[in-house]
Amino acid sequence: MIVQLRRLVHHYRRGAGTVPVLEELELDLERGDYLAVMGTSGCGKSTLLHILGCLLRPSGGSYRFDGEEVGGLPERELARLRSRRIAHIFQMFYLLPQLDVVHNVALPFLYRDDLDEEQARSRVDQAIDRVGLGHRRSHRPAELSGGEMQRTAIARALAAGPDLILADEPTGNLDERSSGEILALLGEMNDDGHTIVMVTHDRHVAACAGRRVSLRHGKLCHD
Ligand SMILES: Nc1ncnc2c1ncn2[C@@H]1O[C@H](COP(=O)(O)OP(=O)(O)O)[C@@H](O)[C@H]1O
Ligand SMILES: [Mg+2]
């Protein structure tokens with residue numbers, strides 16, 4: 001089991017009050033799963049991904065990643081998890097505009113001391129080829145299409161060699177054709193054995209995943 005959430009609660013603190021979002025949510029994720037989490041805007045999908053990605057500590061409950069309770073880990077260990085084992089793909093791509101494809105994909109390696117330069121370079125090259133951007137290596141984001149920007153972000157995620165890939169509305173900013181290409185690529189990555197959690201408000205997008213659940217009233221429900 002790569003992810004196990006038990007009675008997970010998240011309430012944002014805001015001024016004197018709180019904004020309740022996740023309420024005793026449960027989730028089991030096996031290696032190789034491809035899960036789509038659907039739900040209306042504001043239901044807590046991004047909050048859930050931020051917690052899974054160890055970007056946000058939940059207010060309560062248990063999160064076990066690969067058998068280890070994340071809540072008990074010091075910040076240094078969380079940073080290690082984030083840089084080596086979990087990768088994010090976002091709707092807005094989050095590429096650095098001044099860097100070309102190669103350097104955007106290589107960026108996460110700045111935070112790693114476990115790979116030498118040669119190993120890092122070979123991972124970057126493989127990931128760029130894997131997403132079909134070999135001919136765009138020296139392009140900056142402004143010189144790429146939306147679909148190519150998202151491919152770059154996927155290559156950046158892949159290069160890290162993560163155990164878990166988290167995708168937050170990955171096709172939200174793309175036209176139909178580019179969306180189809182990105183979804184096909186995510187499907188191939190899952191066929192290669194990658195574990196993926198994708199959140200989306202779009203049923204057609206969710207249909208591409210092997211498992212589907214909806215986030216409603218702070219809990220995951222099977223449709
Ligand atoms: N940092 C925050 N502080 C307070 N409330 C927040 C914060 N981030 C999100 N929220 C609220 O929590 C709810 C869930 O947000 P979010 O997880 O972004 O939803 P979704 O991704 O499903 O659209 C929303 O009502 C939102 O307004
Ligand atoms: Mg969101």
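## The model and its numbering

This is a predicted model, in which local features need pLDDT of at least 70 and side-chain atom pairs count only at pLDDT 80 or more, while totals for chains, interfaces and linings use all residues. Residues are numbered from 1 along each chain as its sequence is written, chains are lettered from A and ligands numbered from 1 in the order in which they are written, and side-chain values use heavy atoms, with hydrogens and water left out.

Some terms come first. Helices (H or I, at least four residues) and strands (E, at least two) are DSSP runs, numbered from the N terminus. Two strands pair if DSSP finds at least two bridges between them.

## The six-stranded sheet

One open sheet has six strands. Their order is β6-β7-β8-β3-β9-β10, and the pairing is mixed. Which strands stand at the edges? They are β6 (86–90) and β10. Each has a single partner strand, so one side of each is left without a neighbour in the sheet. On average, neighbouring strands here are turned by 25 degrees against each other, direction ignored. Such angles run from 0 to 180 degrees between N-to-C directions, and axes are lines fitted to C-alpha atoms, for helices over the stretch in contact.

Now follow β3 (residues 34–38). It pairs with β8 (residues 195–200) in the parallel sense, over five bridges. In that pair, A36 has M198 as its bridge partner. β3 also pairs with β9 (residues 211–216), again in the parallel sense, over four bridges. There, L35 is partnered by R211.

Next comes β10 (residues 219–221). It runs antiparallel to β9, and three bridges join them. L215 has L220 as its bridge partner. The hairpin of β9 and β10 has two residues between the strands. In this hairpin, H217 takes a positive phi near 50 degrees.

## Helices on this sheet

Helix α6 (residues 176–191) lies across β3, β6, β7 and β8. It runs at about 150 degrees to β8.

## The four-stranded sheet

Another open sheet has four strands, in the order β2-β1-β4-β5, with antiparallel pairing. The edge strands are β2 and β5 (68–69), and each pairs on one side only. Helix α1 packs on this sheet and touches β1, β2 and β4 (60–65). The direction of α1 makes about 120 degrees with that of β1.

How many bridges join β1 to β2? There are nine, and the two strands run antiparallel. Q4 has D28 as its bridge partner in β2. L8 stands opposite L25.

## Around ligand 1

Which residues surround ligand 1? They are Y12, R14, V19, V21, T40, S41, G42, C43, G44, K45, S46 and T47. A residue counts as near if one of its heavy atoms lies within 4 Å. By class, four are nonpolar, six polar and two charged. Here Ala, Val, Leu, Ile, Met, Phe, Trp, Tyr, Cys and Pro count as nonpolar, Asp, Glu, Lys and Arg as charged, and the others, Gly among them, as polar. β1 (3–14), β2 (17–29) and α1 (45–52) each supply at least two residues of this shell. The largest share, three residues, comes from α1.

Some distances to oxygen atoms of ligand 1 stand out. A backbone N or O atom of G42 lies 2.7 Å from one. For a backbone N or O atom of C43, the distance is 3.3 Å. An N or O atom in the side chain of S46 is 2.9 Å from one. Taken alone, ligand 1 exposes 570 Å², and the protein buries 60% of that. These areas come from the Shrake-Rupley method with a 1.4 Å probe.

Methods. Polar contact = N/O pair within 3.5 Å; in protein donor to acceptor, adjacent residues only side chain to side chain. Contact = heavy atoms within 4.5 Å.
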